[in-house]
Amino acid sequence: MTTPTPSVARRHAGRLIWLAYLALYPLPYLAVRPSRTAILAGLLGLAAFLPLYLHAITTRRGTVLPQALAMAAIGFVLSPFGGIWSVYTIYAVSLAARLHPIRRAHVAAAGLLAAFLAFCAIRHADLINTLWGLLVGAMTAVGTSQALDIERRNRRLLDTQAEVRRLAALAERERIARDLHDLLGQSLTVIAIKADLGARLSATDPDRARDECRAVAQTARAALAEVRQAVTGMRDGGLTAELERARTALLAAGITLDAPAPAPADPRRQAVLAMVMREAVTNIIRHADARTCRIALTTDATGSLCLHIADDGTGGPLTDGAGIAGMRARMAAAGGSLTLSSDGSGTRLLARLPELAHDSRRDDHP
């Protein structure tokens with residue numbers, strides 16, 4: 001047997017407070033002394049009601065209709081004995097309003113109130129029970145329905161907030177994965193090229209081999225720093241700095257870079273395009289077998305920032321591997337587009353990024 005959690009216990013304890021309405025049943029006995037039969041009937045009705053109520057408040061909303069019908073029947077049976085028996089009808093209507101789905105709850109509550117009115121008409125019930133049962137029963141049904149609707153909306157809101165947190169965490173993991181792929185891809189490629197060169201030169205040119213080994217260590221330290229910055233989301237993604245990294249990497253691979261200095265542009269757009277440039281240069285070093293690479297940054301008539309990258313390699317069919325898929329995802333997330341084409345004269349890339357949304361918070365102060 002499991003012990004209820006404190007929250008469940010508190011919720012059930014709160015519902016027990018509504019049992020105070022049972023005190024209404026014997027009020028007429030203050031003016032008219034009840035018979036022993038009436039007292040016994042009231043006690044038997046109470047004994048039958050309490051287990052039904054306790055069971056109803058601890059079960060799921062969609063399974064309380066039998067208890068609601070039984071409570072209404074208790075009130076009908078007690079109608080000849082002088083108490084305010086309609087209080088049991090109110091409990092029944094309140095339970096019926098807890099049914100799921102909401103349409104079923106409305107039908108059940110309305111049906112119980114209709115049965116109550118029909119019973120009162122047939123039995124010529126007193127005005128107090130009739131009015132009390134009808135008015136309070138209807139208000140109880142509406143109040144219960146609205147309270148459950150608010151509870152349902154709050155639960156959906158909490159679920160939505162949890163989903164937002166989950167998606168935010170997933171997006172951050174994907175961002176880190178893309179950044180690490182782009183950063184380490186180029187750095188490790190340069191390290192591998194320089195390490196191979198150093199190994200070949202170790203016997204014929206020890207001094208240059210030592211220089212290459214120092215370059216490997218320097219590249220590794222720079223890559224480590226970039227990885228740390230990528231994980232914290234504070235990487236400096238300027239195009240000028242990335243262009244110098246590309247020049248060093250391409251030179252190590254024996255590829256000549258033709259790239260004019262980029263004009264000043266929005267730093268946020270530069271950061272996105274810098275990562276695209278890094279992945280594109282890594283792919284050229286690994287797969288293009290190129291001799292030259294051209295990189296240019298322009299602005300078109302719409303104000304979009306355009307990054308052009310072309311090589312004179314072997315070209316060929318393009319497949320969206322992890323690198324190209326990462327570039328497309330990065331550009332799509334920023335509202336831009338990526339176009340790739342490849343043939344026998346080489347591969348060409350065009351990354352177009354429109355102006356990013358303006359942050360009005362920057363204009364709060366002059």
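Let me start with a cysteine: Cys-120 is buried, its relative accessible area coming to 5%, and Cys-306 is likewise buried, at 2%. Both of these values, like everything else I will show, are computed from a predicted model. As for disulfides, where a pair of cysteine sulfur atoms would have to lie within 2.5 Å to count, the total for this model is zero.

Now the chain as a whole. The protein chain has 366 residues, of which 37% count as buried, and its secondary structure comes to 10 helices and five strands. If we take the contacts between residues at least 6 apart in sequence, 68% of them join residues that are at least 24 apart.

Next, a helix pair. Two packed helices are described by the angle between their axes and by the distance between those axes. Here, helix 2, which covers residues 36-56, packs with helix 3, residues 65-78, at an angle of about 170°, and the two axes are 10 Å apart. Because angles over 145 degrees count as roughly antiparallel, helix 2 is roughly antiparallel to helix 3. Which residues of helix 2 and helix 3 make the contact? On the side of helix 2 they are Ala-41, Gly-42, Gly-45, Ala-48, Phe-49, Leu-52, Tyr-53, His-55 and Ala-56, while helix 3 brings Gln-67, Ala-70, Met-71, Ile-74 and Leu-78. Sorted by class, this contact between helix 2 and helix 3 has 10 nonpolar residues and four polar ones, with no charged residues.

Where is Arg-98 found? Arg-98 is in the loop between helix 4, residues 86-96, and helix 5, residues 102-123. Is Arg-98 buried or exposed? With a relative accessible area of 10%, Arg-98 is buried, since the cut-off for that word is under 20%.

Finally, the strands. Strand 4, residues 337-343, and strand 5, residues 346-353, pair in the antiparallel sense over seven bridges, and together they form a hairpin with two residues between them.

Definitions and conventions: Residues numbered from 1 in each chain as written. Predicted model: local features only at pLDDT ≥ 70, side-chain atom pairs only at ≥ 80, totals over all residues. Heavy atoms only, no water. Axes fitted to C-alpha atoms, helices over the stretch in contact; angles between N-to-C directions. Helix = DSSP H or I, 4+ residues; strand = E, 2+ residues; numbered from the N terminus. Parallel < 35°, antiparallel > 145°, perpendicular 65-115°, else oblique. Contact = heavy atoms within 4.5 Å. Nonpolar A, V, L, I, M, F, W, Y, C, P; charged D, E, K, R; others polar. Pairing = 2+ DSSP bridges. Buried < 20%, exposed > 50% of the residue type's maximum accessible area, 1.4 Å probe, protein only.
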